[in-house]
Amino acid sequence: MAQSKILLPILIVVGLLMLLGLVIGPVGSALFQGGADKAFLPIPEVHLAPQKIFDIAGFPVTNTLLSAWLTTIVVIAVFVGGTRKMKLIPTRFQNVVEIFIEALYGFMASVVGEKFARSFFPILATIFIFVAFNAWMALLPIYPTVGFMDENNHVTAHLLRSAGTDVNMPLALAIISFVFVEFWGLKVHKAPYLKEFFRFGGIVRGIIKFKPGEIFYGAIDAFVGLLELISHFIRLLSFTFRLFGNMMAGEIVLFMVTFLMIFIAPLAFYFLEILVGGVQALIFTGLTLVFGLMAVAQHEEGHEDSAKAEAH
């Protein structure tokens, strides 16, 4: 009974706020004030390209770059603060940081094992933390509210904007992911790792032995290697546009929902974006982890079989 007495006023307030948001939004303005352009909030303007805020020695600093710098500072502050004075009996903050790191390391170790988890963890944990924190920080009120306007009250640039909505940041992370996956493969297998992409041994042996059949199968094998090489480079595109598309879509949805229903309704989408930010960070990290595992375990049995065949 006591809970119902508390819950009823809350539901009434929430309902009234939602109704008020609808009335002063574009729908209510179109019905009662003669035009959606008279809504309480201006029509949101979505900019695909980042906006320049200032220059440093001729180098343009955009709002997405500022967001990336701010995220980096916050991440460093959080983890330095959590580990600066480590104790055997951890404080609450140290405990939270340790639980987070242990959970992330445990996830990686469960996929690739302890042997490779220690090698993969530093770069993959950095990617996960940066992507997640950048997405979550973009939900702070300062991001959509602080910016620059022209004389017609049109927003020319926001001071801060999620780096994930700038295609350059997902591309940079995709390049880092690609480089480290190939580095791990070369580190484990050395030069034989390249045989996965450049499979010309069959063609050469067929030419030397004057066997057309062996040349034919060697050409097929070389073509498969070329496809494998192309698939590795295609990862750059898939990584980039998966992260960019989801982050950009989330920003547009929040803009439009806030414009249509100013109060209460956007909160549900904010919670959804918190989930999306974590999921996208996990997907990016998880895929890099799997590709890294594939690189270090790259067809070991196939190479052994090839070596035996050549010996015979």
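**Entry 1: the whole chain**

I count a residue as buried when its relative accessible area is under 20%, as exposed when the value is over 50%, and as partly exposed in between. With that settled, I looked up the share of buried residues in the protein chain, which has 312 residues, and got 35%. A reminder to myself: this is a predicted model.

Next I went through the secondary structure and found ten helices and four strands. Reading along the sequence, I wrote the order down as α-α-β-β-α-α-α-β-β-α-α-α-α-α.

Then I checked how far along the sequence the contacts reach. Taking contacts with a separation of 6 or more, I found that 66% join residues 24 or more positions apart. For the surface, I noted an accessible area of about 18600 Å², and carbon and sulfur atoms hold 74% of that.

**Entry 2: two helices side by side**

Two packed helices are described by the angle between their axes and by the distance between those axes. I looked up both values for helix H4 (residues 92-137) and helix H9 (residues 265-296): the angle is about 145°, and the axes are 8 Å apart. The crossing of H4 and H9 is right-handed. What kinds of residues make up the contact of H4 with H9? I got 20 nonpolar, five polar and no charged.

While I was on H9, I stopped at Glu-273, which sits in that helix. Is Glu-273 buried or exposed? Its relative accessible area is 14%, which is under the 20% cut-off, so Glu-273 is buried. Leaving out neighbours within four places in sequence, I found Glu-273 in contact with Leu-139, Gly-250 and Leu-254. I also checked Asn-246, which is 27 residues from Glu-273 along the chain; their C-alpha atoms are separated by 9.8 Å.

I found Asn-63 in helix H3, which covers residues 63-83. Asn-63 has a relative accessible area of 0%, so I put it down as buried. What lies 3.0 Å from a polar atom of the Asn-63 side chain? I traced that distance to the backbone oxygen of His-158. Not counting residues up to four places away in sequence, Asn-63 touches several others, among them Pro-50, Gln-51, His-158 and Arg-161.

I located Arg-161 in the loop between strand E4 (155-158) and H6. Arg-161 counts as buried because its relative accessibility is 4%, under the 20% cut-off. Again setting aside residues up to four places away, I noted contacts of Arg-161 that include His-47, Asn-63, Tyr-143, Met-248 and Glu-251. Pro-50 and Gln-51 turn up in my list for Asn-63, and I met both again among the contacts of Arg-161.

I looked up Ala-57 and found a phi near 55°, a positive value in a residue other than glycine. Where is Ala-57? It lies in the loop between strand E1 (52-56) and strand E2 (59-62). Its relative accessible area is 86%, which is over 50%, so Ala-57 is exposed.

Lys-190 also went into the notebook, with a phi near 60°, again a positive value in a residue other than glycine. I placed Lys-190 in the loop between helix H6 (168-189) and helix H7 (201-209). Lys-190 counts as exposed because its relative accessibility of 53% is over the 50% cut-off.

How values were computed: Residues are numbered from 1 along each chain as its sequence is written. This is a predicted model: local features need pLDDT of at least 70, side-chain atom pairs count only at pLDDT 80 or more; totals for chains, interfaces and linings use all residues. Side-chain values use heavy atoms; hydrogens and water are left out. Helices (H or I, at least four residues) and strands (E, at least two) are DSSP runs, numbered from the N terminus. Buried means under 20% relative accessible area, exposed over 50%, partly exposed in between (1.4 Å probe, protein chains only). A polar contact is a pair of N or O atoms within 3.5 Å; within protein, one must be able to donate a hydrogen and the other to accept it, and residues adjacent in sequence count only if both atoms are side-chain atoms. Contact means heavy atoms within 4.5 Å. Accessible areas come from the Shrake-Rupley method with a 1.4 Å probe; for residues, only the protein chains shown count as cover. Axes are lines fitted to C-alpha atoms, for helices over the stretch in contact, and angles run from 0 to 180 degrees between N-to-C directions. A crossing is left-handed if the near helix is turned anticlockwise from the far one by less than a right angle, and right-handed if clockwise. Ala, Val, Leu, Ile, Met, Phe, Trp, Tyr, Cys and Pro count as nonpolar, Asp, Glu, Lys and Arg as charged, and the others, Gly among them, as polar.
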